[in-house]
Structures are given as C-alpha cells and as structure tokens.
There are 2 protein chains.
Amino acid sequence: MEWPRPAAVARMNAVVDWAGVDLAEGRLHVWGVQATSVVAEKTADLDATTPDDVAAALLPLISDWPGKGRLSVLVAGLPSPHRASVPVKLLDLAPVPVPSGNPRIRLFALPGLKQATPVDLMDGGETRIAGFLSLNEGWDGVICLPGLQTHWAQISAGEVVSFQSFMTGDLVRALLRETGLRGAVDTSVWNPEAFGEALDAALSRPERLAAGLACLRAGLLLGTLEPDQAGARLAGLLIGAELAAARPYWLGQQLAIIGSQDATRPYAAALAQQGVAATHTDGARMALAGLTQAWRRLQLQS
Amino acid sequence: MEWPRPAAVARMNAVVDWAGVDLAEGRLHVWGVQATSVVAEKTADLDATTPDDVAAALLPLISDWPGKGRLSVLVAGLPSPHRASVPVKLLDLAPVPVPSGNPRIRLFALPGLKQATPVDLMDGGETRIAGFLSLNEGWDGVICLPGLQTHWAQISAGEVVSFQSFMTGDLVRALLRETGLRGAVDTSVWNPEAFGEALDAALSRPERLAAGLACLRAGLLLGTLEPDQAGARLAGLLIGAELAAARPYWLGQQLAIIGSQDATRPYAAALAQQGVAATHTDGARMALAGLTQAWRRLQLQS
C-alpha cells in the first residue's frame, strides 16, 4: 500500500483530488493530495470548534489550489457529536458529511472517540492512531499522544480498547500564561538534569504538584532557581505526576509515542528514565496517513 | 490590649493617625486609624509589585482623609527583598521604611517570610498570622491561609517554625481562564456532594489530578456533567491533592484557617470531611490586627 508523501515543494498547478485537514494544538494543517502524492501543504493558527470555522479558515489557504469542481475535505480533530464509543475498530469509522456553509467545499468530519467509564473523549488522536496502525499492521500495545490533552490508548487487534486522557499540556500552558510563574519561566532551553530531578520527585510524591509549583515560584522570586531550570522542573513535575497515574499504560507495555518533536521529547525522556523504550513517530505524518486511509474508505463506499 | 475596630461608617473629618494596607489576592485594602479606631476604610483592585505602585494606587483613596502632615502607611503583602528567614518570632519583625516616590506618604513594608528548605516564601500571610497570635496569645498549632498561594504554617511559642505553600488558588484561576474548562464551569454555586466525592477521590489518588481535569472537560463536552458539579469537583480535586500532600500539617494538629469566607469555605469543608475541626477567622480582620501590632512596635522604636 502506498501513502501520500509530503512534497518538498508544492507542485504548482497540480490538480488536487482531495484535501486532508488535521486540527491539533490550535493549528490547522492541510494537505492537498493528488493520487498518492501530496502536491500542496499549508498551516495556519486556528482554534476551530465548528465546521464553519474550518471552512472559513480553509478557503484562503486553498484558493489557489487547482481542483476539479467541488473539493472534498476530510477533517480530523473537529469536535463533533459523531464520536464512536470504545472499544472500537478504527477501520470501521466512516467519515461523516457535515455542512460547511460554503458551496466550494464538501466537508467530512472523522469521528472522534468517547468512553463512558471513566468519562473521556478524543478528537483527532484517533486519526493519528489509525494512521500509525495502517503503517504498522498487527501492532498491539499502548500509544501515547502528547498534546494539550495527552491520551494513552490501549490497542489490541486494530481496536482502541480503552484510553485515558490527561490535561497536562493545557495545564502547563495555563500555568505559564496566568499564574505567578508568568514571564519568569524559560521553556525554550532543554535542561535534562532539572527535568530528571523534578520527574523523580513527582513520581515518588505526585500529590505534591501544587507545592512543587509554589516552590518554583519561590525559587524564581528568591533567585535560587534559573528560568530554564524552572521550565524543565515544571515539565518534570507535571509529566512525573502523569506517569505516576498512567503507570498501567506504560509499565511492561509495547509503547509508541505520536506527536511533534517538541511535544514528545519530555515524554520520551521521562519514559527512558524509567527504563522504558518507546517508538517515536511524527504526529502530522500519522494524521496524514489516517486521513488518507479514511479517504480510501470513503471512495469504496461511494 | 485594645484593637482598632472597623467603623460601620467612616467618621467624616476624623483625623487619621496612620494607615494600614493589606495586599492580597489582587486587592488593596486600606484602613485609616485614629488612636484605637478605624475611622476610614477603602478597597481597590491592585496587583502591586513595587512601593510606587502602592503609593500611586493609594493616593486617590486617601486624598480626602484629614491627616496631620505626612501620613505613615504600613503595608502588608508587598513583595520585597526584606523577608525574614524561618524559624522567626513574628514580634521581632520591624517594619522597613521604603521610598514611596511621593512626599505625602511615609511608606513602611512589613517583611515577609522566606524558607531555605524546601524553598518557600510568604508575602502578607505573616501579618495575618501575627494578628491572629496577638488576639490569641500563647496559641500553638497550624495556621492555614487559603489564597492564590495557600500557606500552611506551623506555630510554636509565637514563632513560625516552618511553612509550606501550595499554588492551588492560582492553579484554579488559571484553569478557569486558560484551559479547555474556560467558560464551561460554574463556581458560583456550592455543590457539597460533588465537592465531597472529588475530594475523596483526590485524597486517595492525588496523582490523578490531570486525569481528573481531562475527565471534567470530557463530562462537560459530552453533557454528562453540569457546570456547577464541574466547579465543585474542580475545587475538590485540587484541595484533595493539597490535603494529601499537607497531611503532616493538619493531621492531629490544632488548626486555624484565616481568610475570606469564599477562600476558606472549601478548606473548612474538606477538613471537616476528614473529621478535623478548625477555628475560622477573617483574613482582613487579622491583617488589620497584625498591622496595628506593627504600628505599635514602630512607635516604641521611634
């Protein structure tokens, strides 16, 4: 099976058969695909909540893509009520037509996942998982998808059996924007020592998170802590607490981490520190693979 | 010993001997005191970080207060480098003159506290503790000061022996403003059942905080959770995790909670659920008592 590959440079004037959109972390990523090749690719900032938002953000990006009439656009990560309950076979999920409010676009939403106990949901991660499984047939284990909401999904025989989400990334972002840590923390430098120490502390005393944060603030104000140390310790505290709670998902499991380099690096480092090896694959690439698989299913249906 | 009491209505034209300022939770609270009576009282929003900020915010509030020349103003809660290291006898702390940038005001900062291990600091809570101890001579035990930074301070023989801070309030505020919970949570209604359930869950599995937050978000999006339930569960999750970490501070200790009704209620409810009784006293009243005590010390010095 062949999968579309990102083109180094978008091929001018190549007709686009369909477009795939990945919404993740407040970004929209769109690929224009012809046969098995990506012929155009664009990104934009977007906190999309409705199909209309997506269509509106999409139009200026794809206006110069030569197409054949109305463009079919498959979207992963769009919050919609069409979520499938786990356990679920991802190959069974059919894209759902949604009104785009624009005559130039036929919009299809890829359904997310929901879980009754504990209550949980996933919007977009399922498409990355589907992409990963399409490239790794028969793979069983646990997939970790770091992001604003980090998901840990247990995979068996092509099914998402169960999953567990953590608001870790969203929490880090809110802490950096809105609390006493605002402006004082440097997250641009990777300080593995400070990260590792905080991780160990959090894994053994995960309940001390709010105390650890107050300690960071005090250290920054008293000048005993450097901004980059504080940044690494912040990540270590939060990921340590998450690993303590997600232990059944990673201990003794075959593990894959899907996401951008920035999002996955602290998770990979944290797991390595626990002696756990994990496969790493890029999130956008897996999203494109999942979208392509969904497009093929749609073609077979029609 | 007599202490100033808030006047029901500010007495017009009563000369103000000195003014006391409490900075807490982004609010400035100023009292004008004559002999042993509060003759004027005002509040304003202020996130003060420098003496100049305080002086600038203060002037419009006190411009119509009749005084005798230059007004002495004592300020609690002003971040300044003049913090005293614990263990410390609060009565030994002398107000520190700081330049106000304004000839009408003689500004004195009440020193905060700092701790080397674990690194910690307190700006303002120490004055409330001093006020509480001045009204409860010989009191030993633990004082909990809920706020953006919640402090637990161990008191023995008039000394703050050690303390531990938690970024719980700041974290709640950031979660409500900046994360996937924004706009979806109602914290105006007190739902004791939802609070109690989340508290129990967090006390037994405090490491599951970020998972509990993701669960709240999912419940709100899927419609299985009401906004007021989510608000109470958010408080229960965070205070439960804090109580799990602060156990040595409240288990089997004589306990007092100092703060506003809103800030202290969830803590009092959480401790009551653990079978722990606590004295509750108002934060502003304790700040005024602490400021008054500092004013008297200043008078004795000069």
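**The interface between the two chains**

In this model, 40 residues of chain B are in contact with 40 residues of chain A, where contact means heavy atoms within 4.5 Å. Before I continue, a word on conventions: this is a predicted model, in which local features need pLDDT of at least 70 and side-chain atom pairs count only at pLDDT 80 or more, while totals for chains, interfaces and linings use all residues. Residues are numbered from 1 along each chain as its sequence is written, chains are lettered from A and ligands numbered from 1 in the order in which they are written, and side-chain values use heavy atoms, with hydrogens and water left out.

The area buried between chain B and chain A is about 3400 Å², and carbon and sulfur atoms give 69% of it; buried area is the accessible area (1.4 Å probe) that two parts lose on being put together, summed over both.

How many salt bridges are there between chain B and chain A? The count is two, a salt bridge being a side-chain nitrogen of Lys or Arg within 4 Å of a carboxyl oxygen of Asp or Glu. B:Glu178 and A:Arg177 meet in a salt bridge through their side chains, at 2.9 Å from N to O.

Which elements give two or more residues to the side of chain B that touches chain A? They are β10 (120-122), β13 (159-166), α3 (168-178), α5 (209-222) and α6 (227-245) of chain B. Here helices (H or I, at least four residues) and strands (E, at least two) are DSSP runs, numbered from the N terminus. The largest share, eleven residues, comes from α5(B).

**Symmetry**

Chain B can be laid on chain A with an RMSD of 0.1 Å by a turn of 180° and a shift of 0.0 Å along the axis. The two copies are thus related as by a two-fold rotation axis. The same surface serves both copies, since 100% of the contact residues of chain B recur in chain A. The superposition is by least squares on the C-alpha atoms of residues with pLDDT of at least 70 in both copies.

**Side-chain pairs within a chain**

Over all chains, the salt bridges come to 14. In one of them, the side chains of A:Arg27 and A:Asp45 meet at 2.7 Å, N to O. A:Arg27 lies in strand β2 (residues 27-34) of chain A and A:Asp45 in strand β3 (residues 37-45) of chain A, so the pair ties together parts that are 18 residues apart in sequence.

**Backbone features**

Most residues other than glycine have a negative phi, and most peptide bonds are trans. Against that background, a cis peptide bond joins A:Thr117 and A:Pro118, with omega about -15°. A:Pro118 is found in the loop between β9 (113-115) and β10 (120-122) of chain A. Another cis peptide bond joins B:Val86 and B:Pro87, where omega is about -5°, and B:Pro87 lies in the loop between β5 (84-85) and β6 (88-89) of chain B.

Finally, B:Ala35 is a residue other than glycine with a positive phi, near 50°. B:Ala35 lies in the loop between β2 (27-34) and β3 (37-45) of chain B.
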